[in-house]
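Please look through the structure shown here, strand by strand and chain by chain.

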Amino acid sequence: MRADLLASTPDGVDEAFAAVDAFDQALTGGLLRLQPAQATGLTQLAEAVANTPLASRVAEAAEKAAAGVAAEDHFVALAAARTALLGAIHDALMAQVQEATGRAASTPEVVQATGGEAAKNILTAARSWLSDLARAGWQGLDSDVVAGSAPVVSAMLPDMGLRRLAALLDGFAAELAASCPGATMERVPARRWADLWSCALLLTLPGGMAATAIEKATGRLLPLGIDLQEHATAVQAQVHAVFEPADGTQPRLVRASVSAPKPDTVIGAGLWQLLRPHMSLLNAFSDGRAMELTDMPLTAEGNLIWSDEHARRGDPADPFATARVVLPNAADAPTAPLGRHPARIAVPVFLEGYAAGKDEGGLTLTVAGHPLTVDADRIPVAGPLTPESIATSGACIGLLRWDAGAFRLQPLAVETIVKKKVVAVHAGAWAGGTTDKDGVKAEKAATDAVGVLRERAGRLLRK
Amino acid sequence: MGDVLLSDWEKSSTVRVIPPARPRKLAKVPFVELADGRLQGVVSSGSDIERVYVSSVAADSIYSFACSTNNNRPCGGARGTFCNHILALINEAVLQYGAERVARYLRVEVEESTTQAITSAMLATRPSHLDALAAASVFSRFLRHLAYLELAPTTEPVPEMQWFPPTREVA
């Protein structure tokens with residue numbers, strides 16, 4: 001990988017972020033009582049989209065907000081402007097990534113369906129809560145404002161069609177609740193909360209959560225690694241893999257996901273236990289196997305919608321062999337329009353021949369003369385991969401990500417030398433279960449925790 | 001913390017705002033949370049498997065506390081001072097969230113953040129007993145918490161979970 005090409009910032013990115021930050025400052029203080037400096041921030045956002053189809057609506061919204069009379073539609077327009085700017089930043093960064101990896105750009109453009117009026121009332125309620133947040137601002141947060149999310153989330157969670165927004169709002173509200181009262185916060189995660197707020201607001205619009213076109217995938221699935229995502233009350237495991245179509249066409253990068261809501265005390269190995277029964281791919285991954293797919297639904301942006309009946313266990317397949325031999329010829333997955341955000345970049349890459357070192361940002365891997373910071377914090381605790389094993393590794397499968405002004409590498413697996421033999425260590429090795437001593441202990445503790453909760457639920461729920 | 005680091009934190013989309021819960025055994029205190037301006041939770045009865053105690057301590061200056069069963073019978077131990085249920089609750093909260101976060105939330109000033117120090121500092125203010133007004137809402141939050149186990153997993157992608165990276169840091 002030409003990591004040196006990742007060192008520079010593409011033209012226009014700094015300017016676009018300046019407009020985003022100006023808006024984020026306004027949102028921090030709240031849109032109900034804007035200070036003059038913050039009102040300027042809204043104007044700056046409006047000017048940044050002045051040559052786009054959003055121009056007049058955003059200009060009007062900025063004006064109304066500055067006067068303290070913004071309504072829901074105005075908040076939506078502002079969120080759309082911010083999202084569009086971040087989309088443009090995403091595209092510039094992805095062009096850079098494609099040059100660095102040398103892989104072909106994804107061909108088909110992803111079109112999201114429009115329409116879909118299901119469960120309109122609850123989406124209106126969600127939008128109304130998000131509007132309250134915008135009026136209060138992060139500094140105006142109190143537990144009453146935050147509590148407004150609880151009935152919305154509870155009503156959404158059981159509805160599969162609303163799971164995406166429910167998972168987002170639930171995690172977001174927990175962060176807000178833990179930070180109350182906003183007036184005494186020492187520091188405000190201004191970019192992050194504005195990201196979550198805009199993302200949620202756009203998902204409440206008709207078509208916001210509409211699926212993309214679906215085809216049927218038949219061929220061989222070669223796993224590369226597992227990315228785990230979690231907040232207090234939800235978890236998702238995403239398997240990144242290369243799909244080799246049976247018809248001999250170009251291999252493609254795809255993902256298979258499984259997620260679940262959870263009580264906040266289910267953690268560590270308990271996360272794998274929760275997900276394991278719902279996707280045979282997790283077991284196959286732990287056993288180092290490929291899977292053969294027959295007519296598995298696959299979305300245009302490369303997401304397999306997993307169902308065990310369309311998959312069977314394949315031959316042994318070493319992810320490092322896949323990364324060395326198949327990955328360079330695979331096509332990247334295209335991104336859905338609303339998924340275009342720099343923090344959502346997660347591109348599988350393979351690195352070797354690097355020098356591991358340390359700088360003020362932590363562990364680095366220097367590739368082609370460019371030190372790439374390792375995001376070791378993303379490695380799940382319930383697994384054998386540790387920051388120490390990365391420091392002594394010779395090859396790495398990872399996800400290239402971008403945040404706070406720089407590209408970073410999230411390691412999914414490394415090859416390291418143990419007793420003079422090359423050994424692969426995978427972050428997701430315990431997904432399907434483990435015989436590792438520490439792993440077995442973690443599994444036991446997690447089983448006990450869920451056992452207690454189920455026993456309590458059995459006695460106390462529905463009484 | 002330097003200015004540079006602070007602005008990095010404010011300009012990161014993936015900062016971890018709350019550390020994950022730390023592992024603890026749940027048998028005695030199946031539920032504890034810092035919410036609604038209280039340390040609150042549910043403590044299993046030592047004698048009756050069908051009974052739980054709903055206990056809470058408020059983050060006010062006098063640490064108003066309450067303890068009653070899920071059927072609204074007052075706890076006999078919680079008359080003049082913290083009962084064993086409340087002491088167990090504080091202990092488990094420290095295990096789950098770390099002593100510093102518990103002390104900060106309850107606004108307890110302690111030199112050293114330990115369960116012992118937090119408990120003594122609160123007892124020194126001679127906390128006052130409140131009627132169990134909050135018990136119903138705490139209990140319903142516990143039931144809502146348990147209900148998360150009943151929600152079905154899905155293999156439909158949830159791209160929004162990308163916003164929530166894990167962290168190896170502990171509270």
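Strand β3(A) is covered on both faces, with R252(A), V254(A), A256(A), V258(A) and A260(A) buried on one side and L253(A), R255(A), S257(A), S259(A) and P261(A) buried on the other. In other words, 10 of the 10 residues of β3(A) are buried, where a residue is called buried if 20 or more other C-beta atoms lie within 10 Å of its own, exposed if 12 or fewer do, and partly exposed in between, with C-beta atoms placed from the backbone. Helices (H or I, at least four residues) and strands (E, at least two) are DSSP runs numbered from the N terminus. This is a predicted model, in which local features need pLDDT of at least 70 and side-chain atom pairs count only at pLDDT 80 or more, while totals for chains, interfaces and linings use all residues. Residues are numbered from 1 along each chain as its sequence is written, and chains are lettered from A and ligands numbered from 1 in the order in which they are written.

The partners of β3(A) can be described next. Strands β2(A) and β3(A) run antiparallel and are joined by 10 bridges, two strands being paired if DSSP finds at least two bridges between them. Within this pairing, A241(A) stands opposite V254(A) of β3(A). The two strands form a hairpin with 6 residues between them, and in the turn G248(A) has a positive phi of about 80°. Strand β5 (residues 303-304) of chain A runs parallel to β3(A) and is joined to it by 2 bridges, with A256(A) standing opposite L304(A) in β5(A).

The C-alpha atoms of chain A fill a box of roughly 70 × 60 × 45 Å along the principal axes, and buried residues make up 51% of its 463 residues. Of the contacts in chain A with a separation of 6 or more, 71% are between residues 24 or more positions apart, a contact being two residues whose C-beta atoms, placed from the backbone, lie within 7 Å. One local feature of the chain is the cis peptide bond from C180(A) to P181(A), with omega near -10°, and P181(A) is found in the loop between α8 and α9 of chain A.

The domain assignment divides chain A into domain 1 (3-203), domain 2 (214-329) and domain 3 (337-426), with bounds that come from an automatic or database domain assignment. The centres of domain 1 and domain 3 of chain A, taken over C-alpha atoms, are separated by 29 Å, and the contact between these two domains takes 17 residues from each of them. On the side of domain 1 of chain A that touches domain 3, the elements giving two or more residues are α4 (72-101) and α9 (190-203) of chain A, and α4(A) gives the most, with 9 residues.

Chain A also meets chain B, with 73 residues of chain A in contact with 46 residues of chain B. The elements of chain A that give two or more residues to its side of this contact include α8 (163-178), β3 (252-261) and α14 (437-460).

In chain B, helix α2 (residues 84-97) has 14 residues and reaches 20 Å from its first C-alpha to its last, close to the 20 Å expected at 1.5 Å a residue, the expected span being 1.5 Å times one less than the number of residues. Because 10 of its 14 residues are buried, α2(B) is largely enclosed by the rest of the structure. Its buried residues, among them H85(B), I86(B) and Y97(B), pack against elements of chain B including β1 (31-35), β4 (65-69) and α4 (115-124). After α2(B) comes G98(B), whose phi is positive, near 90°.

Elsewhere in chain B, D36(B) lies in the loop between β1 and β2 and has a positive phi near 55°; with 19 C-beta neighbours inside 10 Å, D36(B) counts as partly exposed. Y63(B), in the loop between β3 and β4 of chain B, has a positive phi near 50°, and with 24 C-beta neighbours inside 10 Å, Y63(B) counts as buried.
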